[in-house]
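Subject: Structure handover

Hello,

Here is the structure I promised to pass on. Please open it first, then read my notes below.

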Amino acid sequence: MTTTTDSKPLVHAVNVHKAFHGTDVLKGIDMDVAAGEVVTLLGPSGSGKTTFLRCINQLEDINGGRIWVDGELTGYVDKAGRLHRRTNKDIARQRREIGMVFQRFNLFPHMTVLENVIEAPVQVKGVKKKVATATALELLEQVGLGDKPSAYPSQLSGGQQQRVAIARALAMDPKLMLFDEPTSALDPELVGEVLKVMRDLAKRGMTMIVVTHEMGFAREVADRVVFMDAGVVVEEGPPSQVIVNPQHKRTKAFLSRMRQEEAAHAEALVASVTENAEALAAIAAADAEHDEAARAAIENARDASQQR
């Protein structure tokens, strides 16, 4: 949650435009994010949420507008009102200040958990391996994986791999964390463990912009919810306003659809749990029947032996 009263935003985006092959994806996005603030971006697929995150982190070049992070213009230098492209080295320096967690974990499969987390600090920032290792072990404890430094990604669940990805991003000591639907590729029972780590980050005052469809997380953790559709910001405000009492018809339609999907998902989850419970009960009953039959056979054998 917001922990600062500084009026200067950490992220300041003005009239951001982005097009792919002649199709406008972002159509003039204006957005400020204060230091320590948690902002969630909601909206249907294709609304420009992920593209906006990628523009902040300079994984995509914007076609118009400007983005500042911590007071520094990203990607360009303003000289007398004219923009000059920064060098690749300077852009890489700016990217190091921003952590990003993607839908897919993208861990190095041939490296252990610890090696994955220390790779960037050592190779990119020049941190000594001993220092990076100590920090990495602390971060793994923070994300609930203190017992997994020697494990390989293939030995972890999807939720555990995503938590390693979060620790890896935090290892660079970022000013800002960007999350692009970090739970969308996970099985339902693994979503909670990743959201818990993100809640803890919010409590620690990490500035976060989160693209998500997790309504519960947005209601509970976000300071502000921004609803995007067709490349524009349609509605924004506190969760109590945008999620509970939306004003725009597009926001209302999207949230209605999301609630229907959540209800259907909950029903499917209950059905799955019930089915599993019934299957376990049937197995237990079969085992009990087998045990009873075995005991009866032993008794019969004993009686036959005594009769002889």
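**A pair within helix H6**

Lys196 and Asp200 both sit in helix H6, 4 residues apart, which is about one turn of the helix. Keep in mind that this is a predicted model. The two side chains form a salt bridge, with the closest N and O atoms 3.2 Å apart. Asp200 is buried, because its relative accessible area is 18% and the cut-off for buried is under 20%.

**Salt bridges elsewhere**

Side chains of opposite charge can pair when their charged atoms come close. How many salt bridges does a search of the whole structure find? The search turns up 15.

One of them joins Glu193 and Arg163, at 3.0 Å from N to O. This pair links distant parts of the chain. Glu193 belongs to helix H6, while Arg163 belongs to helix H5 (residues 158-170). The two are 30 residues apart. Glu193 is partly exposed, with a relative accessible area of 25%.

Next, look at Arg224 and Glu236. They form a salt bridge too, and their closest N and O atoms are 2.7 Å apart. Arg224 lies in strand E11 and Glu236 in strand E12, so this pair ties together parts that are 12 residues apart in sequence. Arg224 counts as buried at 14% relative accessibility. Glu236 is partly exposed, with a relative accessible area of 35%.

In what order do its strands run? The order is E8-E9-E10-E3-E11-E12. That makes 6 strands in an open sheet, with mixed pairing. Strand E8 (98-101) and strand E12 (232-237) are the edge strands, and each pairs on one side only. From one strand to the next, the twist averages 20 degrees.

Helix H6 comes back here. This helix (residues 188-203) packs on the sheet. It touches strand E3 (38-42), strand E9 (176-180) and strand E10 (207-211). The direction of helix H6 makes about 145 degrees with that of E10.

E11 (residues 224-229) and E12 run antiparallel, and 5 bridges join them. Within this pair, Phe227 stands opposite Glu235 in E12.

**A buried loop residue**

Find Asn57. Its place is in the loop between helix H1 (49-56) and strand E4 (64-69). Is Asn57 buried or exposed? It counts as buried, because its relative accessibility is 7%. Leaving out residues up to four places away in sequence, Asn57 touches Arg95, Ile98, Met100 and Leu178.

**The whole protein**

Last, the overall numbers. The protein has 9 helices and 12 strands. Of its 308 residues, 43% count as buried. The accessible surface comes to about 16,200 Å², and 51% of that belongs to carbon and sulfur atoms. Consider the contacts with a separation of 6 or more: residues 24 or more positions apart account for 64% of them.

Best wishes

Definitions and conventions: Residues are numbered from 1 along each chain as its sequence is written. This is a predicted model: local features need pLDDT of at least 70, side-chain atom pairs count only at pLDDT 80 or more; totals for chains, interfaces and linings use all residues. Side-chain values use heavy atoms; hydrogens and water are left out. Buried means under 20% relative accessible area, exposed over 50%, partly exposed in between (1.4 Å probe, protein chains only). Contact means heavy atoms within 4.5 Å. Two strands pair if DSSP finds at least two bridges between them. Axes are lines fitted to C-alpha atoms, for helices over the stretch in contact, and angles run from 0 to 180 degrees between N-to-C directions. Accessible areas come from the Shrake-Rupley method with a 1.4 Å probe; for residues, only the protein chains shown count as cover. A salt bridge is a side-chain nitrogen of Lys or Arg within 4 Å of a carboxyl oxygen of Asp or Glu.
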